[in-house]
Amino acid sequence: AYFLTLTLGIGVQPHHHPLNIGSGTEVLGSCNGLIALCNSVQELALFNPSTRKLKTLPLPPCFVGFPSAFIFYGFGQDKSNDDYKLVRVLHFKGNDGEDVEVEVEVYSLKINSWRRISNLPRFLRDFYDYLYHSLFRKGYGVLAGGALHWVSPKSSTRSVIMAFNLVAKEFYQLPLPDSVNVSYANVHVDVGSLEGCLCVFCFYNLVYVDMWMMKEHAVKESWTKLISVQEPTPTRSFLFLRPLGYSRNGVKLLLEVRREKLVWFDLETNSLRTVKIDTHGLDFVDTEICMASLVPLSDAGGGCGGGINGMKRRNLEEKEKIHKKKR
């Protein structure tokens, strides 16, 4: 696994991934120069690319007795308590496909431990849908306005955006713009973040895409439509569209498309231009905005037995347990 540092106009520079222990690593989120990384449900870490410091996280509370679980993650800053938090929403599924239980765990960097959230709202049970979450990147929360956001599959309620306040540690729902017709059979909704504001993408029947921005968090009347663009062809659709930032003059919007390329969208001419990137033969998988910072990761070895070495040791121990079970 590698990081590719991109400087527009210059190109990319590949970096060896610090958590690479022979398996795929996913980026769960980024905030103030810190990146949340995941090798598995038991191998989580925070990484600062600027300082090259890595902090492995203590093992989250174990869950047993359920055949499968879909895990939603989210990472962000709790500004009121000067803390950084990783959120795990576990959606358990039984053998009959019925929902069994939802659990929420929050890791605090400040105290280096996990806490379970109680008194969860009932609408969290409508969080997961296999097909929907296989097609869209709804597993990772979008940070905006001091909260993490996910999209729930279409249900009987109009509020399909679910949010988690990192300070109050509470879930709530946010309404979509009034003109978004979520009852339309072929509309899909996704969320993103642009300059700290929550954004919503509405994909209509693979024909066109609308992008909305909530300029004042949790204020329904602040929804503003930014772009509306025709999709190129049904086979080259704009599904998985994601906003990254504005150009210096503010007239262009940088977008990630289908996890495979970057494009400039001209807000004045409604035209698109692909950003050419030499990835040095590596697959272009995903883009994450990470601003350089010196946010410290105190006790970089973490609570799990010493940084990368500790994680490697844990990984070997797990493999040894599996080997013994097979014998």
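Cys202 is buried in this predicted model, with a relative accessibility of 0%, where buried means under 20% relative accessible area, exposed means over 50%, and partly exposed covers the range in between, as judged with a 1.4 Å probe and protein chains only. Cys199 likewise counts as buried, at 0% relative accessibility. The sulfur atom of Cys199 has its closest cysteine sulfur in Cys197, at 7.0 Å, which is too far for a bond. When a disulfide is taken to be a pair of cysteine sulfur atoms within 2.5 Å, the count comes to zero disulfides.

Some conventions apply to what follows. Because the model is predicted, local features need pLDDT of at least 70 and side-chain atom pairs count only at pLDDT 80 or more, whereas totals for chains, interfaces and linings use all residues. Residues are numbered from 1 along each chain as its sequence is written, and side-chain values use heavy atoms, with hydrogens and water left out.

The chain contains two helices and 22 strands, these elements being DSSP runs numbered from the N terminus, with helices (H or I) of at least four residues and strands (E) of at least two. Of the 327 residues in the chain, 47% are buried. The chain exposes about 16700 Å², and 50% of this area is supplied by carbon and sulfur atoms; accessible areas come from the Shrake-Rupley method with a 1.4 Å probe, and for residues only the protein chains shown count as cover.

The largest nonpolar core holds 20 residues, of which Leu44, Leu46, Phe75 and Leu86 touch the most other members. At least two residues of this core come from each of the strands β3 (26–31), β4 (34–40), β5 (43–48), β7 (68–78) and β8 (83–93), and the largest share, four residues, is supplied by β8. Apart from this core lies another, of 19 residues, and among its members are Leu174, Cys202, Met214 and Trp223.

Gly29 is placed in strand β3 and is buried, at 7% relative accessibility. Leaving aside neighbours within four places in sequence, Gly29 is in contact with Leu34, Ile35, Ala36, Phe75 and Glu288. Although Gly29 and Leu86 are 57 residues apart along the chain, their C-alpha atoms are separated by 8.9 Å.

Two open sheets were examined in turn. Strand β17 (residues 208–214) pairs with β18 in the antiparallel sense over seven bridges, and Val209 has Val229 of β18 as its bridge partner.

Another open sheet of four strands, also with antiparallel pairing, has the order β19-β20-β21-β22. Strands β19 (242–246) and β22 (271–275) stand at its edges with a single partner strand each, so one side of each is left without a neighbour in the sheet. On average, and with direction ignored, neighbouring strands here are turned by 30 degrees against each other. Strand β21 (residues 261–266) and β22 pair in the antiparallel sense over five bridges, and in β22 the bridge partner of Leu262 is Val275.

Backbone angles were considered last. Most residues other than glycine have a negative phi. Asn270, in the loop between β21 and β22, has a positive phi of about 55 degrees although it is not a glycine, and this residue is partly exposed, with a relative accessible area of 42%. Asp82, whose place is in the loop between β7 and β8, has a phi near 50 degrees, again a positive value in a residue other than glycine; at 57% relative accessibility, Asp82 counts as exposed.

Definitions and conventions:
Pairing = 2+ DSSP bridges. Core = buried A, V, L, I, M, F, W, Y, C linked by side-chain atoms within 4.5 Å. Axes fitted to C-alpha atoms, helices over the stretch in contact; angles between N-to-C directions. Contact = heavy atoms within 4.5 Å.
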